[in-house]
Amino acid sequence: CQSAAVRDRASVAVTVVVPTRDRPAQLSSCLASVRAALHDADELVVTDSASLDAAAVAEVARAAGAKLVRCERPGVGRARNAGWRAGTGDVVLFTDDDVVVDAGWRDALVAAVTSGDDIGFVTGRVMPPAGEQPSRDVAIKRDEMPERYDARSVGNLGHGASLGIRREVLEQLGGWDESMGTGGRFGAAPEHDLFDRCFAAGLTGRFEPTALAWHAQWRGPRRLLLLDARYGYGTGARIAKLLRLDRRRARLILADYYRGGLRELGRELRAAHGYPAIGTVLRLLAVPIGLLRAIVVPVDDGHYRDRP
């Protein structure tokens with residue numbers, strides 16, 4: 001017989017959203033792992049973020065039994081919003097098309113998300129695939145112990161590669177800020193911007209290490225340099241918004257970002273790591289550029305105003 005906890009997890013209505021753009025092979029692997037983790041009544045939504053080969057994405061989604069939503073404008077925030085709004089589940093789980101999830105991923109996130117009314121979001125443990133030894137982690141969270149987050153929490157709180165959130169919280173916050181993240185005006189930090197707005201609403205976050213996923217580290221050194229610059233730029237935009245919404249948290253984030261970045265730069269220089277050290281410098285230099293660009297953009301209900 002199933003335990004009461006297992007029955008409760010199975011009875012929760014769940015929607016899983018996977019945004020994608022022109023990566024059908026990776027998407028196929030992702031959807032196979034997600035499908036193996038889901039219950040029969042769960043929804044799987046694939047959001048095509050303006051792929052050039054829409055037919056290839058549609059075929060992979062069809063083969064996985066997923067609902068397909070097409071966005072004509074690219075942007076990860078736009079795609080995630082379209083995905084959760086197209087679903088009906090009370091709990092929405094997010095992952096990315098270059099991620100493979102564990103068979104227990106769904107149940108672990110759902111159990112954590114539904115364990116308290118004050119919980120705004122739950123992130124899971126994300127590791128590199130076996131055998132990969134990246135020079136720099138991208139969307140990785142290696143921690144092994146559960147954590148609780150609030151407005152004083154800084155650092156790596158987790159990623160959209162493994163994220164659970166209740167639909168009512170997404171509705172309360174207006175979803176993702178579509179100016180943040182890949183394809184948006186500010187290019188990065190969509191998850192942490194969402195976390196900031198959860199904290200501002202009086203909610204807390206959790207990290208659940210048993211919600212395990214593996215994120216492919218496919219970027220080479222030059223792509224990583226561009227990514228580092230984008231991360232810094234997006235973080236600057238995040239801080240610019242916080243300066244208007246929560247100045248105390250803005251100061252905490254800024255101080256932690258530069259302390260951590262300078263420590264990282266020192267380690268890389270001592271180890272004679274060329275590209276990673278350059279990437280860290282780019283990331284730190286891009287923060288004030290993003291801040292200055294974003295500080296003049298109006299913020300409406302916690303979201304940057306979209307371009308006309």
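## Threonine 47 and its surroundings

A polar atom in the side chain of threonine 47 lies 3.2 Å from the backbone oxygen of alanine 79. The model is predicted: local features need pLDDT of at least 70, side-chain atom pairs count only at pLDDT 80 or more, and totals for chains, interfaces and linings use all residues. Residues are numbered from 1 along each chain as its sequence is written, and side-chain values use heavy atoms, with hydrogens and water left out.

Is threonine 47 buried or exposed? Threonine 47 counts as buried because its relative accessibility is 0%; buried means under 20% relative accessible area, exposed means over 50%, and partly exposed lies in between, for a 1.4 Å probe and protein chains only. Setting aside neighbours within four places in sequence, its contacts (heavy atoms within 4.5 Å) are Val17, Val18, Pro19, Thr20, Val69, Cys71, Ala79, Ala82 and Gly83.

## The strands around it

Threonine 47 belongs to strand S2. Helices (H or I, at least four residues) and strands (E, at least two) are DSSP runs, numbered from the N terminus. S2 covers residues 43-49, and six of its seven residues are buried.

S2 has parallel partners. Strand S1 (residues 14-20) is joined to S2 by six bridges, and valine 18 stands opposite valine 46 in S2. Strand S3 (residues 67-71) is joined to S2 by five bridges, with valine 69 in S3 as the bridge partner of threonine 47. Two strands pair if DSSP finds at least two bridges between them.

Helices complete the picture. S1, helix H2 (residues 24-37) and S2 make a right-handed β-α-β unit, and S2, helix H3 (residues 54-63) and S3 make a right-handed one too. A crossover is right-handed if, with the strands pointing away from the viewer, the path from the first strand over the helix to the second runs clockwise.

## Aromatic rings

How many aromatic pairs does a search of the whole structure find? The search finds seven. One of them is phenylalanine 121 with tyrosine 149, a stacked pair at 6.3 Å centre to centre and 15° between the planes. Phenylalanine 121 is in strand S6 (residues 119-127) and tyrosine 149 is in strand S7 (residues 147-149), so the pair links distant parts of the chain, 28 residues apart. Rings of Phe, Tyr and Trp (its six-membered ring) pair if their centres lie within 6.5 Å; planes under 30 degrees apart count as stacked, over 60 as edge-to-face and the rest as tilted.

Phenylalanine 121 counts as buried at 1% relative accessibility, and tyrosine 149 is buried at 3%.

Arginine 80 lies over the face of tryptophan 176, at 4.5 Å from the ring centre, while the charged end of lysine 141 sits over the ring of phenylalanine 207, 4.7 Å from its centre. The rule asks for NZ of Lys or CZ of Arg within 6 Å of the ring centre and within 35 degrees of the ring normal.

Aspartate 150 is found in the loop between S7 and strand S8 (163-166), and is buried with a relative accessible area of 14%. Its side chain makes a polar contact with the side chain of arginine 148, at 3.5 Å. A polar contact is a pair of N or O atoms within 3.5 Å; within protein, one must be able to donate a hydrogen and the other to accept it, and residues adjacent in sequence count only if both atoms are side-chain atoms. Leaving aside neighbours within four places in sequence, aspartate 150 is in contact with Phe199 and Arg249.

Helix H7 (residues 190-200) is largely enclosed by the rest of the structure, because ten of its eleven residues are buried. Among them are Phe195 and Phe199. Glycine 202, with a positive phi near 85°, follows H7.
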